[in-house]
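Subject: Structure for you to look at

Hello,

Here is the structure I said I would send, with the sequence alongside. My notes on what was found follow below.

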Amino acid sequence: MSRFRRPYIPILLFLAAGQFLRADGGKVQLQRQAGPFLITVFSDPSVVRVGRVDLSVLCQKSDDKSTILDAKIFLHLTKPGGAEIVEFTLPATHQAATNKTLYVAHLDLPTAGKWKVKVDASRGGDEASVTGDLNVLPKEPLLLTYWPFFLVVPLIALLFAINRRLRRGRELRHPRAQR
Amino acid sequence: MDAVAAAALQSWPWHPWTTAALFLAAAVYLSGWIRIRRLVRTGHDGTRLPCFLAGLAVVWLATSSPLDAFDKLFLSAHMTQHLLLLSIAPPLLLLGRPLLPILRGLPKRFVKEALGPFLTSPVCHGISDWFTSMPTAWLLFAISTVVWHFPAAYELALGSNAWHDVQHACFFWTGVLFWVPLIQQTPGKSRWPAWAPIPYLLFADLVNTILSATFVFAGRVLYPTYEAVHLGSVSAQTDQTLAGAIMWVPGSIVYLVPAAVFAMRVFSPERQEGREPVVRLPKPDRSRTPVLAIKRLVPVRRVAKWAMLAVAIAVIVDGVRGAQIAPLNLAGVLPWIHWRALSVAALLLVGNLFCMACPFTLVRDMGRRVVTPKFRWPRFLRSKWLPVALLLLYFWTYEAFSLWNSPFVTACIILGYFAASLAVDTLFRGASFCKYVCPIGQFHFITSLVSPREVAVRKQSVCGSCRTHDCIRGNETARGCELYLFQPKKASNLDCTFCLDCVKACPHDNLGLLPVLPAKTLTEDPYRSSIGRLSKRNDFAALALLIVFAAFVNAAAMTAPVMMNEHKWHARLGPHAMPLVVGIFVLLGAVIAPVLLVAICAGFNRLIVARDRLWEFSRRFIYALVPVGVAMWAAHLLYHFATAWTTSLSFVTPLQIVCLDAGLLLTLYVILRVAEQYRAGMRQAIAIAVPWAALSIALYGAGIWILFQPMEMRGMLH
């Protein structure tokens, strides 16, 4: 038993460390050709909501569709209208990406609505920008976000109840087996 | 190598839950495999372990390698992933014959109590036989394979991470079911004729071939998602053809080779499947195996105490002389953030390690070299009422005077603690300060009721023949238990400071830091040395109740809604009214509400339970709430600990909820076990348990509400 327990500690540490990277790629939100570049923007999760989102950019040559890995990519996000204008500018990098052919930026979107996304790409002397819209939905209720964790208690309680019932059945069938 | 290819090969996604689950499965299998190998050796052992580990490695490769990073860009990558999950990993895992090693690798008690009824139930056998019968397994496999390749279903999986996981789970588990009748059948006991696997595999290959051919010859891109992105010269159509080829050629080999093997067996003149001779090895003598070389911990404990004393001195010095900005001062960070969280983590993983390394007792021991205590602790104070009052005072002062935010006051409190322990223990004999005064100690005593280890007797028979009772009286090498705990009669960690004096003193080496089921002693009400029966002790019940409810009060006090209300009343009542407002909040949350709620639950029980046993049972149910209270402390302190290290908190909330889940489950279990001890029937037991279960669920709900509130980052920079 003591031998078995040992893996628990590394496993807990393992789980705790799981926050640092997320999957990227995801749903195509925007694809435009600008100058020598073909820019594709993906979002993960595919339905973008208020809160944390990963935007990934695939930069390709527009002529032969080959992937460009040494471009400089900047994302500008603007939410026009309303009482105040919210604006972000941040670099998208390979370091932040799981898929190293993409450029990724992690950001926290504060409000729902239609955001303007502008991607600036530059490589050597070539520069280009593409723009598009990103529809951001309101934040999901936290109970919905974490619903699998709330299922644990009723599920284990149900299994426990079945366990007890089966055990009683076994005791009735084999009275001598009772402890 | 091409730069893009190099970048692709560096794309390793990080899925901690999957990796942890696979790691756990490997650890359990390995543990069981080693145990079985010690007892029995068969000719298969050499291949089973590598097969199982290879199967796990294939699952990991499919879900956590560049294949996963590119599965939404290339259908061919996605198809390879599916092939691994559906047709490679399941047979490898099953060739490892995992059932027995996994059952042997899991804790015996868990297998017997939790899994046993399922494993021996005829109903479960029936369900399992149905699912693993050839027609059912084949149909499920075919339906899953075909349905998930419909464009609508496939696009659904590509557009949602959750559906994508469901798709992979379907492929993997139907793959497992498909291969079970072929691999797991007992020789000579198969329900199907020996030739049955041949059409079984050939028809599976037919399904696979039809699907593959559809991809290859469709003439259009079937899944629009892949059409959006073309990389280099690889068009979506080419990619789809490649995916079809992967599915067709390696996919068919997976079915045709085993079909050929089965055919050879059927048509071979020697069809006897002889069983491997089983070699049974003698059982290892476990009675001599030490549970833990606990005596080695005695010098470690001394080192830990000195280390803690050094830390305490550093905290005091920095608290008095350092910058009075809590996050930049040791007195603002170490005691309130790190020490609290680490001591609760130690309680949950091992036991009362803080008391074991307590620096206050070190100073006390030095003092006792100069002054020998002469008095006994006053009889009227030999209870937990004084620590209950001190703990309540502490919870109030902590909130009212923002102790976490004042390094100087923190330093003064630690100094005061040293002075108090020195004064009490140089005047009074035994560990009077630990047992009757120290609020920190009482907190650890109560929370260590859910610890997985306990200083306990290994064999009661050895203690039965012992005449010297050195564990409590002491001898020339070690003092006996200063908290008057007689080991043969000790149950649970209550009042145990893990000082190990008893271990050192025991001449029979019969004491150890033994594994126990968390909260097990709460399901019973034995006579406990130096305490008596918990069901008779109001002071212990009050202490437990305070610690449970204070967990919620303490966490709630840092949420925005509670703080806003406090400030609102502060503004109404005047500039110096904050301590009063906080005092009322603490009193309401940690004293009045629990007393009222307990009274209501007892009131419901009065309808069933005889009046003379009503309070006895109510006290036992109060102790049953300890796990959910400890879970709340753990969840709260985990938050502080995590925010001290990182601003990325996406992993914290799930872990906090898991803590609360575990606490609630343990509490519900204890409640049911206590109620069963009174039952005249199961219905009555449930009726008794319902109000207390409702209270624990309400506490869980309160805990979840607290976790979801915006938090005021008190005493921190971010």
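To begin with one residue: is Pro526(B) buried or exposed? Pro526(B) is exposed, because 12 other C-beta atoms lie within 10 Å, and a residue counts as exposed at 12 or fewer. Please keep in mind throughout that this is a predicted model. Pro526(B) sits in the loop that runs between strand 4 (511-515) and helix 26 (538-556) of chain B. From Pro526(B) to Ala491(B) the C-alpha to C-alpha distance is 7.3 Å, while the two are 35 residues apart in sequence.

Chain B as a whole

Chain B has 718 residues, and buried residues make up 41% of them. The chain contains 32 helices and 4 strands. Along the principal axes, its C-alpha atoms fill a box of roughly 90 × 65 × 60 Å. Of the contacts in chain B with a separation of 6 or more, 82% are between residues 24 or more positions apart.

Two helix pairs in chain B

The crossing of helix 31 past helix 32 of chain B is right-handed. Among the residues that meet here are Leu660(B), Leu664(B) and Leu668(B) from helix 31 of chain B, and Trp692(B), Ile697(B) and Tyr700(B) from helix 32 of chain B. By class, the residues of this contact are 16 nonpolar, 5 polar and 1 charged.

The other pair is helix 18 (residues 359-370) and helix 20 (residues 407-427) of chain B, with an angle of about 45 degrees and axes 9 Å apart. Helix 18 and helix 20 of chain B are therefore oblique to each other. They too pass in a right-handed crossing. On the helix 18 side of chain B the contact includes Phe360(B), Val363(B), Arg364(B) and Arg368(B), and on the helix 20 side it includes Tyr417(B), Phe418(B), Leu422(B) and Asp425(B). This contact has 5 nonpolar, 4 polar and 3 charged residues.

In chain A the domain assignment gives domain 1 (22-139) and domain 2 (143-177). The centres of these two domains of chain A, taken over C-alpha atoms, are 47 Å apart.

Where the chains touch, 44 residues come from chain A and 48 residues from chain B. On the chain A side, the elements that give two or more residues are helix 1 (2-5), helix 2 (8-16), strand 1 (27-34), strand 3 (51-61) and helix 4 (147-173). Helix 4 of chain A provides the largest share of that side, 9 residues. Sorted by class, the side of chain A that touches chain B has 22 nonpolar, 14 polar and 8 charged residues.

Regards

Technical notes: Residues numbered from 1 in each chain as written. Chains lettered and ligands numbered in written order. Predicted model: local features only at pLDDT ≥ 70, side-chain atom pairs only at ≥ 80, totals over all residues. Contact = placed C-beta atoms within 7 Å. Nonpolar A, V, L, I, M, F, W, Y, C, P; charged D, E, K, R; others polar. Left-handed = near helix turned anticlockwise from the far one by under 90°. Buried ≥ 20, exposed ≤ 12 C-beta atoms within 10 Å, placed from the backbone. Axes fitted to C-alpha atoms, helices over the stretch in contact; angles between N-to-C directions. Parallel < 35°, antiparallel > 145°, perpendicular 65-115°, else oblique. Domains from an automatic or database assignment.
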